[in-house]
Amino acid sequence: MSLEEKVETLLKGEGLEVTELHFAPEEKKPVTRKNACFAVCAVIFNSKNEVLMIQEAKAVCLASWYLPAGRMEDGESIEEALKREVQEEAGIDCQPITLLQIQEKGPSWIRFAFLAEKTGGSLKTPEEANADSLQAQWYDRESLPKNIRKRDIFTLIDAGIRYRQSPWFCELQPVDFPCDIVCQRLLLAFTSSDANPENADEEHMWLLLSKDSQLPVAASVEAQTLAFTAKKLVKYCMPSIYEQLSVNTCGILGVQHNGRAPGQTDGVCLNTLVLLEYNEEEEEISLSSPPKLEDAGFRWHEVTNQSLRTEILQKIQEGSVLPVQSI
């Protein structure tokens, strides 16, 4: 598969096999499933545009309300975990429509939030209360219960409403590719100063590649946000000029996971779109070429395919990628 074909694959939300790790910060160990928590969360609406809520049974948040959510179990795929949590806590069967948002507290805690739809079953009643939940109910967005367990779900509910009204990225599902750590494949682009889709044929774009012409895969490390990964790589490659650069993680193009072999294939690879820019225009800096690389393990590749360049620019400027929220 050519580089252009690989980039197109990622832009479509599909995946690529993780065969090599190109960057891992030496001062910290990469995050694996053993020292990370993966969780799922479901945003489900009914025909009245009411959102599904469950009442918690856990002692620390007893009787408070929340979206169906919980930790993934060993051997599960992300979709399997979603369906199990919704069935256990709400009593219904569901089918994911799209990943809606990734929430994180660094790579050691990642939650995959989905917009989903009911496909069967009936809401759990108070008489069916158990250790998973006390009951489930439909609620209008403007009349949610007052005793919400945590307010981080408000952005998810609002994102679900917005996506149903006007999707800003294509429907996206996790793809089945094994990986043993938490990592990011970076589609890291540098464009000349006034690049935009209207005159993309006159502008230039470069992608950062490994020395063997691969899109770089970088390990995520503990106690840092996912956006830190791209910044750390840029600082490693361009230390002399790093303070003059702005590293903007635009969002996620795709999620790769395979949970079938705990400890071996149950990591996650996030295919991530990153824009590299200069902080401000300075006379001594050439804005028409990418920053000089100071490590022989990486190189710049100019994107000469106009349609591909335009597609990348549109995703950057329109924000048509899966958002990441640090909570």
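**Sheets, helices and loops in a predicted model**

Strand 2 and strand 3 are paired in the antiparallel sense, with 2 bridges between them. The model that shows this pairing is a predicted one. One of the residue pairs involved is glutamine 55 with tryptophan 65, the latter being the bridge partner in strand 3. The pair belongs to an open sheet of 3 strands in the order 3-2-7, with antiparallel pairing. Strand 3 and strand 7 (135-139) are at the edges and have a single partner strand each, so one side of each lacks a neighbour in the sheet.

The loop between strand 2 (51-55) and strand 3 (65-66) contains alanine 63. Most residues other than glycine have a negative phi. Alanine 63 is not a glycine, yet its phi is positive, about 75°. With a relative accessibility of 26%, alanine 63 counts as partly exposed, because the partly exposed class lies between the 20% limit for buried and the 50% limit for exposed.

A second open sheet has 5 strands in the order 4-1-6-5-14, and its pairing is mixed. Its edges are strand 4 (69-71) and strand 14 (324-326); each has a single partner strand, so one side of each is left without a neighbour in the sheet. On average, neighbouring strands of this sheet are turned by 35° against each other, direction ignored. Strands in a sheet pair through backbone hydrogen bonds, and the pairing may be parallel or antiparallel. For strand 1 (residues 37-44) and strand 4 the sense is antiparallel, over 3 bridges. Valine 40 has glycine 70 as its bridge partner in strand 4.

Helix 2 (residues 78-90) lies across strand 1, strand 4, strand 5 (92-104) and strand 6 (109-121), and runs at about 115° to strand 5. Helix 3 (residues 153-165) also packs on the sheet, where it touches strand 1, strand 5, strand 6 and strand 14. The direction of helix 3 makes about 110° with that of strand 5.

Strand 9 has antiparallel pairings with two strands described here. Strand 8 (residues 179-191) is joined to strand 9 by 3 bridges, and the two run antiparallel. Alanine 189 has leucine 207 as its bridge partner in strand 9. Strand 13 (residues 298-302) is joined to strand 9 by 5 bridges, again with an antiparallel run. Here the bridge partner of tryptophan 206 is glutamate 302 in strand 13.

The loop between strand 9 and strand 10 (217-219) holds serine 213. Serine 213 is a residue other than glycine with a positive phi, near 70°. Its relative accessible area is 31%, and serine 213 is partly exposed.

Helix 1 (residues 3-11) comes into contact with this part of the chain. Its buried residues are Leu3, Lys6, Val7, Thr9, Leu10 and Leu11. An α-helix has 3.6 residues a turn, so residues three or four places apart point the same way. The buried residues of helix 1 pack against strand 8, strand 9, strand 11 (245-257), strand 12 (266-278), strand 13 and helix 5 (306-318). Just after helix 1, glycine 13 has a positive phi of about 85°.

Now the chain as a whole. Its secondary structure comes to 5 helices and 14 strands. The radius of gyration is 21 Å, close to the 20 Å that the globule rule gives for 327 residues, so the chain is as compact as a globular protein of that length. The C-alpha trace spans about 70 × 40 × 35 Å along its principal axes. Of the 327 residues, 53% are buried. Among contacts between residues at least 6 apart in sequence, 75% join residues at least 24 apart. The chain exposes about 14900 Å², of which carbon and sulfur atoms supply 45%.

Technical notes: Residues numbered from 1 in each chain as written. Predicted model: local features only at pLDDT ≥ 70, side-chain atom pairs only at ≥ 80, totals over all residues. Heavy atoms only, no water. Pairing = 2+ DSSP bridges. Helix = DSSP H or I, 4+ residues; strand = E, 2+ residues; numbered from the N terminus. Axes fitted to C-alpha atoms, helices over the stretch in contact; angles between N-to-C directions. Contact = heavy atoms within 4.5 Å. Rg over C-alpha atoms; globule rule 2.2 N^0.38 Å. Buried < 20%, exposed > 50% of the residue type's maximum accessible area, 1.4 Å probe, protein only. Areas by Shrake-Rupley, 256 points an atom, 1.4 Å probe, with all protein chains shown as cover.
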